[in-house]
Amino acid sequence: MSLFNWVSLVLFLYLSRPILSLKGSSDISARFLSYAKKEELFDWMVGVRRKIHEYPELGYEEFETSKLIRAELDKMGIEYKYPLSVTGVVGFIGTGKPPFVALRADMDALAMQEMVEWEHKSKVPGKMHACGHDSHVAMLLGAAKILQDHREELKGTVVLVFQPAEEGGGGAKNMIDEGALENVNAIFGLHVDSKLPIGEVSSRPGPLLAGSGFFEAVISGKGGHAAIPQHSIDPILAASNVIVSLQHLVSREADPLDSQVVTVAKFQGGGAFNVIPDSVTIGGTFRAFSKESFMQLRQRIEEVVTGQAAVQRCKAVINFLEKEKPFFPTTINNKDLHDFFRIVASDVLGVDKVKDMQPLMGSEDFAFYQETIPGYFFFIGMQNETHMLQSAHSPYFEINEDALPYGAALHASLASRYLLQSQPEATLPEENYRDEL
């Protein structure tokens, strides 16, 4: 082959290679955000979110929420698998072939009474969407509509993961066990943040959220009349000493540079002013960023509870509730996905709208996905300039629905551009060419 033909061949292959540059695909993000802000799509997402908000369901009970999701996917012509982990739904958009990238939304509500008086207040007594999962579902369905309407542009398959039981039930772990991440190369998830300005996102590479566990202890003594305590064995006094001693685990045993938390948030015992009860139940949570520190806390909590109870002549039985509330691993963001996220989010929102943040002691069962495949979790702002929003898990928690288009566009952009950048490099044909010059 002549030198001219050889150069021509190389130039042709170079020009016809898959376009891998993220900068070259930045127009996707701009188009998706404009699409998400269209009045028709925005109003639809708001309507979906409000329907879910009115009828909140607890972990593994999200039957109506799941039914609504499947109905909307059916209308869009999106195939899905159901059920996974009781109520979970996994949808598929694109070619049905590799690469595969997943987007996740949690569906469950909290067992608390809503105190916000508005037209779409929870209609289920004692249950409320107080952590924004209704908005997470609406955003992912919005992303599904964007991606389905642009499915001819997708260079692979987007997997939509609608997950039950994030609030302590470990729904993510069960979704994985039932095959939700089959063939998936990476996964993205988000959470609304009432303190972050709308149109902004924040995250970080590496540890983002702490690993967490729960515990409950029954401390038993001997009940009796409050006027003659010498004839009783007081479990309330024992439980009080236990609680004080538990606080020393962090203040006196943990490295000050290794963030840890032990909080007793439950104390139940006695029902009369003049009766010492037979037993007291306490419970709480513990958090750490390393597995070593986490397991050390677990061991010491058990030792302190049983030991301090014994000092007061009581017996203690402790339960770490691992079946009902599995231990959550630390949420650790993949470094490469962090770099990718910053580029895509900057194209969607602007470079100045993408913020770095410090780790938080909160926890997320999204971490189970990250133990299996590379994953990335971030926070999306919904701060209302004219009305201060309460933090998550408050009975006064509200959603600024203006954030919905941003979440939908970010989901869709991250997925489509991940597929685009994951295309294989073009290679030269295997034939042996000889320079005849």
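Visitor: Hi! Before we start, what is a pocket here?
Guide: A pocket is an open set of grid points where there is protein on both sides within 12 Å along at least five of seven lines. Keep in mind that this is a predicted model.

Visitor: Got it. How much space lies in the largest pocket?
Guide: The largest pocket holds about 1200 Å³ of space. It is lined by 45 residues, and the closest to its centre are Leu 110, Cys 131, Glu 167, Arg 287 and His 393.

Visitor: Which strands supply at least two residues of that lining?
Guide: Those are strand 5 (186-197), strand 8 (211-220), strand 10 (260-268), strand 12 (279-288) and strand 16 (375-383).

Visitor: And which one gives the most?
Guide: Strand 5 does, with five residues in the lining of the largest pocket.

Visitor: How do the lining residues divide into nonpolar, polar and charged?
Guide: For the largest pocket, the lining has 20 nonpolar, 14 polar and eleven charged residues.

Visitor: Okay, next one. What volume does the second largest pocket have?
Guide: Its volume is about 340 Å³. The second largest pocket has 14 lining residues, and Lys 291, Phe 328, Pro 329, Thr 330 and Glu 371 lie nearest its centre. Helix 8 (291-311) and helix 10 (366-372) are the elements that give two or more residues to this lining.

Visitor: What classes are in that lining?
Guide: In the second largest pocket you'll find eight nonpolar, four polar and two charged residues.

Visitor: Why does Phe 63 count as partly exposed?
Guide: Because its relative accessibility is 43%, and partly exposed covers what lies between the 20% limit for buried and the 50% limit for exposed.

Visitor: What about Leu 349, is that buried or exposed?
Guide: Leu 349 counts as buried because its relative accessibility is 16%, and buried means under 20%.

Visitor: How far is Leu 349 from Leu 33?
Guide: Their C-alpha atoms are separated by 8.7 Å, although the two residues are 316 residues apart along the chain.

Visitor: Now the whole chain. How many helices and strands are there?
Guide: The chain has eleven helices and 16 strands. Its C-alpha atoms fill a box of roughly 105 × 55 × 40 Å along the principal axes.

Visitor: Last one: what share of the residues is buried?
Guide: Of the 437 residues in the chain, 50% are buried.

Terms used
Residues numbered from 1 in each chain as written. Predicted model: local features only at pLDDT ≥ 70, side-chain atom pairs only at ≥ 80, totals over all residues. Heavy atoms only, no water. Buried < 20%, exposed > 50% of the residue type's maximum accessible area, 1.4 Å probe, protein only. 1 Å grid on protein atoms, 1.4 Å probe; cavity = no way out; pocket = protein on both sides within 12 Å on 5 of 7 lines; lining within 4 Å. Points joined across faces, edges and corners; volume = space filled by probe spheres on them. Helix = DSSP H or I, 4+ residues; strand = E, 2+ residues; numbered from the N terminus. Nonpolar A, V, L, I, M, F, W, Y, C, P; charged D, E, K, R; others polar.
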